[in-house]
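This report goes through a structure with two chains in plain terms.

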Amino acid sequence: MFAKNIWPKIFIHLLVVVLVAGFSSMACAETIKVGSLVDMTGATSDVGKDYALGIAEAMHYVNDNGGVNGKQIKLYQFDYGYRVPEALTKYKLFKRLKTVAVLGWGTGDTEALSPTVTKDKMPYVSASYSAHLTDPKKTPYNLFFATDYSTNARAALTAWFDKKWPKNKDYGKRKPRLVCSYMFASPYCSAPIKAIKDQAKLLGFEVGPDQNVSLFAIDTKSQILAMKEFKPDVVWHGNTTMSVAATLRDAYALGLGADHIIDNWGFDENLPKLAGKASEGAMGVAVCAFFGENVPGMDNVIEYAKKYNPGIPLDQRLNHTVQAWGDVLILWEAMKRADKAGSLSGESILKNGFETMRNFDIGLGAPPITFTATDHRVAGIVPIYEVENGKFKLVEKVDLKSRWPEKWANDWLGW
Amino acid sequence: MHKKSIIRGWLSVIAAVALFAGCAQMAVKPDQQNFKTPKVTLDSMEVAHAFGYWYFSNKVQPTKGKPENVGAPLELAFIFNIENPNDYPVKMDSLKFTIAFEDFDLNTVGSTDTMWIPAGKTNQLRVSAHFDVRQSLLSLLVTGGFKLKQEGTNAWAILEKWWTEIPQYNIPVHVKAGSAVFKADGLTKVATFNATFPQ
């Protein structure tokens with residue numbers, strides 16, 4: 001009698017156990033939220049769309065490879081059209097959603113949000129590489145995987161001085177002449193101007209009047225004519241690709257006769273397509289490899305581009321996808337380290353994550369990454385490329401940290 | 001005592017039947033061979049809100065508030081059919097696509113809201129896309145500047161045409177490079193789609 005009564009009970013208990021076990025993966029799946037601000041429609045959408053695609057693809061890669069020690073990441077990605085007020089609004093939403101970190105975009109909004117993210121202890125990994133964000137005394141929660149704009153500008157000018165200036169017919173007879181071409185009102189474009197002029201002084205340049213070129217310019221003849229009066233040997237371009245291409249085209253057409261050095265957001269695979277012959281010989285900064293270049297980790301970048309955005313041909317993808325991977329990979333590593341240390345709070349992600357990285361290698365042609373509690377400049381070596389027959393050729397890796405160790409350590413941090 | 005055990009026995013059987021019936025659609029387990037890519041098609045596009053065509057630069061003093069560079073909004077809604085051809089439910093993780101007016105890509109939008117689609121059924125998803133004259137002007141200039149020049153037109157002329165003609169459904173709006181990510185039991189499939197409305 002007892003045996004007969006016990007069987008239904010056992011059966012029900014077993015059934016419950018089986019069903020609970022069956023659904024346990026769904027029941028226990030823990031999710032971490034990360035915010036992402038991108039520009040797919042605004043003033044920097046010529047480079048922002050590719051970066052946005054790269055962020056989402058890299059995040060799929062992270063989740064496919066275990067997420068953060070088994071926790072999956074839910075990405076909230078919003079286009080803010082490069083409008084600072086909208087970025088501030090979206091940031092408030094990220095806080096409401098309880099994101100543990102934010103992947104940001106532009107310099108204007110990143111710098112505007114910096115005091116807030118510091119107060120909130122929100123790790124903010126941006127595509128803005130403004131040097132203003134590298135001093136942890138002022139902006140401890142701002143981070144990025146790349147060398148900063150000021151370091152890049154110094155390196156580009158130095159590479160031109162090392163490689164091109166000695167071949168000039170006036171070398172040794174007079175000072176080389178530099179002009180800066182950029183959109184004055186754009187915080188991104190103007191961020192490294194003080195630094196490049198300081199580097200010009202250090203190397204003995206004469207600096208001409210700056211030229212204001214809008215990010216939307218397709219006709220820059222008046223600026224080129226103004227440059228011609230100064231007869232520059234080299235022009236620094238601080239805009240994004242479209243307006244840099246327009247300036248190179250007009251400089252070529254009007255016979256400016258200067259060389260060109262270009263910031264990383266103006267130096268991508270679209271530049272030779274848009275500027276054609278006018279881009280030949282132009283030198284520029286690449287903070288990581290170009291899309292498809294043969295470097296460690298690029299196979300993943302290509303695989304995920306094909307898998308998640310099969311409608312976009314690979315020959316239309318840019319190095320900005322690779323830059324997006326760089327930022328996602330450092331955030332991933334920081335979160336894994338913080339989680340292992342016991343907490344995914346913002347402070348833990350910073351202290352137990354980012355600031356424990358010493359020469360951390362993410363591949364992708366990026367420099368090994370070091371963050372310390374006193375310095376958020378990831379590296380002092382910058383690869384400089386040159387356009388040759390429509391392709392990018394590595395010219396020199398400028399090691400600013402070794403070449404000017406005193407200035408690097410004591411003078412150049414944070415601007 | 002005997003009666004109680006009979007009732008318990010019957011209850012167990014009923015519970016088991018109900019649970020197995022509830023889980024019947026899970027009988028087919030997703031695997032790489034049987035996981036068919038769901039199909040995404042554009043059902044229609046609606047002009048959700050149109051406000052005419054106008055633009056004020058920040059040199060113009062508004063009646064209230066601060067002067068801004070601001071232009072007429074245009075709200076479009078894209079309704080997609082999402083068909084699950086599988087014998088088990090699938091989860092749509094995200095969907096995104098680029099919107100082009102004529103030959104110009106203007107916006108990339110999407111949805112990261114998750115959605116479960118029952119086996120063999122078709123769900124619908126509405127994705128809103130906001131445009132305004134200012135935003136579209138910037139996007140046009142920075143990505144389509146050279147093309148406008150080649151075509152002998154300018155941004156203002158083309159914006160006026162779009163803002164007055166799209167609400168009449170006279171200008172084709174293209175959905176390009178669309179992709180939607182689907183998951184089933186840890187497996188992933190990505191559906192691609194393109195469309196034009198009106199066709």
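## Terms and numbering

Helices (H or I, at least four residues) and strands (E, at least two) are DSSP runs, numbered from the N terminus. The model is a predicted one: local features need pLDDT of at least 70, side-chain atom pairs count only at pLDDT 80 or more, and totals for chains, interfaces and linings use all residues. Residues are numbered from 1 along each chain as its sequence is written, while chains are lettered from A and ligands numbered from 1 in the order in which they are written.

## Chain B overall

Chain B has three helices and ten strands. Read from the N terminus, its elements follow the order α-β-β-β-β-β-β-β-β-α-α-β-β.

A residue is called buried if 20 or more other C-beta atoms lie within 10 Å of its own, exposed if 12 or fewer do, and partly exposed in between, with C-beta atoms placed from the backbone. Of the 199 residues in chain B, 28% are buried. Two residues are in contact if their C-beta atoms, placed from the backbone, lie within 7 Å. Among the contacts in chain B with a separation of 6 or more, 69% involve residues 24 or more positions apart.

## A helix pair in chain B

Helix 2 (residues 133-150) and helix 3 (residues 155-165) of chain B pack at an angle of about 125°, and their axes are 10 Å apart. Axes here are lines fitted to C-alpha atoms, for helices over the stretch in contact, and angles run from 0 to 180 degrees between N-to-C directions. The angle makes helix 2 of chain B oblique to helix 3 of chain B. The classes are as follows: angles under 35 degrees count as roughly parallel, over 145 as roughly antiparallel, 65 to 115 as roughly perpendicular, and the rest as oblique.

The crossing of helix 2 of chain B with helix 3 of chain B is right-handed. A crossing is left-handed if the near helix is turned anticlockwise from the far one by less than a right angle, and right-handed if clockwise. On the side of helix 2 of chain B, the contact includes B:Val133, B:Leu137 and B:Leu148, and on the side of helix 3 of chain B it includes B:Ile158 and B:Trp163. The contact of these two helices has nine nonpolar residues, one polar and no charged. Ala, Val, Leu, Ile, Met, Phe, Trp, Tyr, Cys and Pro count as nonpolar, Asp, Glu, Lys and Arg as charged, and the others, Gly among them, as polar.

B:Ser57 sits in the loop between strand 2 (55-56) and strand 3 (70-71) of chain B. Why is B:Ser57 classed as exposed? B:Ser57 is exposed because it has 11 other C-beta atoms within 10 Å. B:Ser57 and B:Arg134 are 77 residues apart in sequence, yet their C-alpha atoms are 9.2 Å apart in space.

B:Glu102 belongs to the loop between strand 5 (90-101) and strand 6 (104-111) of chain B. Its phi is near 55°, a positive value in a residue other than glycine. B:Glu102 has 13 C-beta neighbours inside 10 Å, so it counts as partly exposed. Further along, B:Phe197 and B:Pro198 are joined by a cis peptide bond with omega of about -10°. B:Pro198 is in the segment after strand 10 (187-197) of chain B.

## Chain A and its domains

Chain A has 15 helices and 13 strands. Of its 415 residues, 56% are buried. Its C-alpha atoms fill a box of roughly 110 × 45 × 40 Å, taken along the principal axes.

Chain A is divided into domain 1 (28-146 + 294-378) and domain 2 (150-286 + 401-410); the bounds come from an automatic or database domain assignment. The C-alpha centres of the two domains of chain A lie 28 Å apart. In the contact between them, 16 residues of domain 1 of chain A meet 17 residues of domain 2 of chain A. The largest share of the domain 1 side, three residues, comes from helix 4 of chain A.

## Helix 3, helix 4 and two residues of chain A

Helix 3 (residues 84-96) of chain A packs against helix 4 of chain A at an angle of about 30°, with axes 9 Å apart. These two helices of chain A are therefore roughly parallel to each other.

A:Lys98 lies in the loop between helix 3 and strand 3 (101-103) of chain A. A:Lys98 counts as exposed because it has 8 C-beta neighbours inside 10 Å. By contrast, A:Gln211 counts as buried, with 22 C-beta neighbours inside 10 Å.
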